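Let's take a walk through this fold, sheet by sheet and then into the packing. Keep the viewer open and follow along.

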Amino acid sequence: MAHALTLGRRGMGRVWPNPAVGCVIVADGRVVGRGWTADGGRPHAETIALAQAGDAVRGATAYVTLEPCSHHGKTPPCAEALIAAGVARVVVALGDPDPRVAGRGIAALQAAGIEVITDVCADQARADHAGFLARVVAGRPFLTLKLASSFDGRIATATGESQWITGADARRAVHALRARHDAVMVGAGTARADDPTLTVRGIGVTRQPVRVVVSGRLDLPVDSALLRSLDVAPLWICHGGDVADKDVAAWEKRGAVMLPCGSAADVMAQLGAAGLTRVLCEGGGSLAASLVQADVVDQLVGFSAGVALGADGTPAIGALGVKRLGDAPRFVLVDHRRIGADLMHTWQRA
């Protein structure tokens, strides 16, 4: 199962709105087939592993990181494929809460006389499928808030200079982080100030994440790098409901996908409804504060540099209005490591 989970992670950021599933088929003590969800969400991991196993699948054990689907969608049910292939046993890491499945896949396997073992490596599977689970259960994507800041928590100097606070190794790690998410999100202020492309570069990735810009007033430059790179990666703009129809139409004509949104929580709900399961927010401070206040941040990833910018620098997170320490949002440290000259630290919801 650990091997199946490793395979499944290869699909992170590449298979939405589907889960990034891994499957390993074992017969007579050796692996005869393995697969992970293909780009775009199909074929499914089980289908790929079964095809690779061929006739050796009969009487074999299949290890799957999420309950095999039981409904007819754009692909046939994986539970039916496992039954037809003649496997003797299926080991499942985690049940699928999708109402179209929700135990039906396991029940179908058992009804066909196949032994089913569940909850193997369930904690790791729950972490790996956190984006899919958040979308199905909470109606929004799993949200990672990334902050690259000085030792004293500033993301720019008093004059707005921000490139580069952290070093090249940290920036490369950020590109790897982008590649594991379905979308990269920034606010309108960051889009205007930095003119970013928000693409994954330098690590051999071909499938790019969606670029999301939250701009309530739709006050974005029309000659931006985001627009010039539409042939590389899609651009979605979350705008306020009071923006003129002609302005929305103008951006649609340029190739952007327009999503009318309200609060930060509504932004996340709209992105979930559009199929995204994992979103990486890269700032700035105002957007970060609104997401924290809306209680939709699942993970913090910080890159801290050994430089001090002082109180007149731009804070990494804008004002939260916290008056009592006990009311401050809390996160739990789950990882920390040195990245070049900087420190990378990861925190998850308490």
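In which sense do β3 and β4 pair, parallel or antiparallel? Strand β3 (residues 61-64) and strand β4 (residues 89-92) are parallel, with four bridges between them. One of the facing pairs there is V64 with V92. Before going on, some ground rules: this is a predicted model, where local features need pLDDT of at least 70 and side-chain atom pairs count only at pLDDT 80 or more, while totals for chains, interfaces and linings use all residues. Residues are numbered from 1 along each chain as its sequence is written, and side-chain values use heavy atoms, with hydrogens and water left out.

Strand names follow DSSP: helices (H or I, at least four residues) and strands (E, at least two) are DSSP runs, numbered from the N terminus. Two strands pair if DSSP finds at least two bridges between them. Strands of a sheet pair through backbone hydrogen bonds, either parallel or antiparallel.

Now back to the sheet that holds β3. It is an open sheet of five strands in the order β2-β1-β3-β4-β5, with mixed pairing. At its edges stand β2 and β5 (115-117); each has a single partner strand, so one side of each is left without a neighbour in the sheet. Neighbouring strands here are turned by 15° against each other on average, direction ignored. For angles, axes are lines fitted to C-alpha atoms, for helices over the stretch in contact, and values run from 0 to 180 degrees between N-to-C directions.

Strand β1 (residues 22-27) is antiparallel to β2 (residues 30-36), with six bridges, and V26 sits opposite V31. These two strands make a hairpin with two residues between them, and D28 in the turn has a positive phi of about 55°. With β3, strand β1 is again antiparallel, this time over four bridges. Look for C23 facing V64 and I25 facing A62. Helix α2 (residues 45-53) lies across β1, β2 and β3, running at about 145° to β2.

What about the other sheet? An open sheet of nine strands has the order β11-β10-β9-β8-β12-β6-β13-β16-β15, also with mixed pairing. Its edges are β11 (257-260) and β15 (331-339), each with a single partner strand, so one side of each is left without a neighbour in the sheet. Neighbouring strands of this sheet are turned by 20° against each other on average, direction ignored. Inside the order, β6 (residues 142-150) and β12 (residues 278-281) run parallel and are joined by four bridges, with L145 partnered to C281.

Next, the packing. A nonpolar core is a set of buried Ala, Val, Leu, Ile, Met, Phe, Trp, Tyr and Cys residues joined through side-chain atoms within 4.5 Å. Buried means under 20% relative accessible area, exposed over 50%, and partly exposed in between (1.4 Å probe, protein chains only). In the largest core, of 36 residues, the members that touch the most others are I25, L50, V57, L82, V87, V90 and L109. Apart from it lies another core, of 29 residues, including L145, C261, L276 and V296. As for L82, its contacts (heavy atoms within 4.5 Å) beyond four places in sequence include E46, L50, A62 and I114.

And the cysteines? A disulfide is a pair of cysteine sulfur atoms within 2.5 Å, and a search of the whole structure finds zero of them. C78 has its nearest cysteine sulfur, that of C69, 3.7 Å away. C78 is buried, at 1% relative accessible area. For C281, the closest cysteine sulfur, in C238, is 11 Å away, too far for a bond. C281 is buried too, at 0%.

One loop is worth a stop. R207 sits between α8 (188-194) and β9 (210-215) and counts as partly exposed, at 30% relative accessibility. Leaving out residues up to four places away in sequence, R207 touches G13, R14, D39 and G40.

Finally, zoom out. The protein comes to 12 helices and 16 strands, and 50% of its 350 residues count as buried. Its C-alpha trace spans about 70 × 45 × 40 Å along the principal axes.
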